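Visitor: I have a structure to look at and some questions to ask. Please show it first.

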Amino acid sequence: MEIYIPSYNRPDKISTHLLLGDLPYKIVLDNEEQKSYYLMNKTIPPENIIVGNVHGVVGVRSFIRSLAKDGEWFVMLDDIARKITWCPSIAETLPVKTDKSLKKEFAHICSPQELMGVFENMTKIADEKCIYLCGFSTTPNFFFCANHYTYYSNVKGVAEIVKKSHIDWDENCYTMEEYDFMAAHLLYFGKVLVNNFVHFHKEHYQTGGIGTYQERLPLKIKHSKYIMEKYPGLFYQPDKKTAVKEGELMIKLHTAKGIERWRSDMAKRNLSPIL
């Protein structure tokens with residue numbers, strides 16, 4: 001299974017590759033000028049850098065998709081993850097709300113070999129359930145991670161396992177593209193797979209990439225509106241003390257029944273070709 005790390009303008013900040021040990025990976029850049037800067041980072045073997053000659057984050061993601069064969073799994077990781085923690089339990093659920101001692105079980109550092117084992121196990125489960133997109137816990141707080149796997153949760157771009165299908169990233173919402181990508185998978189396949197026992201830690205909205213939070217905010221608001229209109233009824237915009245509501249999205253349907261009702265409604269409104 002190929003591991004790709006799309007990156008832009010972060011030759012000194014990129015860190016995810018340092019967590020992968022001997023696992024094979026490729027850092028994917030959009031142009032040759034960027035490559036000249038990344039070659040100065042001596043922690044990156046030159047042969048691990050590839051250039052897509054494309055434009056922007058969505059262009060790089062689409063280029064990575066083009067490298068896979070139809071039906072083939074690949075991994076895409078954010079470039080500035082600083083550590084990966086996990087709970088090694090094979091339990092389906094854990095009593096996290098009543099047993100505070102479980103906190104330490106979610107704090108284990110996930111080794112490269114363990115991480116590849118997680119990837120392989122998740123794709124096996126996904127294949128059995130006709131799922132084409134997998135993700136991981138969006139919070140480091142174990143209190144919200146009682147269920148090992150969920151099927152109607154947010155899949156964030158910090159770490160995704162993708163089985164190549166006809167679905168591509170939408171260039172019209174490149175600051176929120178992972179939400180659109182997840183919504184398309186829910187629409188076409190009915191579910192995604194999220195492993196809540198694994199969390200990729202990163203500092204959000206760092207310089208480089210597509211900018212800091214304030215730099216991204218106008219486009220986040222625009223792109224959130226676009227996705228809400230493209231997939232009506234799937235998302236809501238949560239109130240957060242640390243963010244502007246209009247630039248945030250959260251999935252609001254968390255059951256098979258709710259998702260199937262939404263898919264049916266999308267078909268009735270001629271917004272879905274699947275039913």
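Guide: Start with two terms. Helices (H or I, at least four residues) and strands (E, at least two) are DSSP runs, numbered from the N terminus. The expected span of a helix is 1.5 Å times one less than its number of residues.
This is a predicted model, where local features need pLDDT of at least 70, side-chain atom pairs count only at pLDDT 80 or more, and totals for chains, interfaces and linings use all residues. Residues are numbered from 1 along each chain as its sequence is written, and side-chain values use heavy atoms, with hydrogens and water left out.

Visitor: How far apart are the end C-alpha atoms of helix α4?
Guide: Helix α4 covers residues 177–189, which makes 13 residues. At 1.5 Å a residue, the helix should span 18 Å. The model agrees, because the end C-alpha atoms are apart by 18 Å.

Visitor: How many of the 13 residues of α4 are buried?
Guide: Buried means under 20% relative accessible area, exposed over 50%, and partly exposed in between (1.4 Å probe, protein chains only). Among the buried residues of α4 are Tyr179, Phe181 and Leu186. The helix is mostly covered, and the buried count is eleven.

Visitor: How many disulfides does a search of the whole structure find?
Guide: A disulfide is a pair of cysteine sulfur atoms within 2.5 Å. For Cys110, the nearest cysteine sulfur, that of Cys87, is 11 Å away. For Cys145, the nearest is also that of Cys87, at 9.4 Å. The search of the whole structure finds zero.

Visitor: Is Cys145 buried or exposed?
Guide: Check its relative accessibility. The value is 3%, so Cys145 counts as buried.

Visitor: Which side chains make polar contacts with the side chain of Asp79?
Guide: Asp79 sits in the loop between β4 (73–77) and β5. Asp79 is buried, with a relative accessible area of 2%. A polar contact is a pair of N or O atoms within 3.5 Å; within protein, one must be able to donate a hydrogen and the other to accept it, and residues adjacent in sequence count only if both atoms are side-chain atoms. At 2.7 Å the partner is Ser7, and at 2.8 Å it is Arg10.
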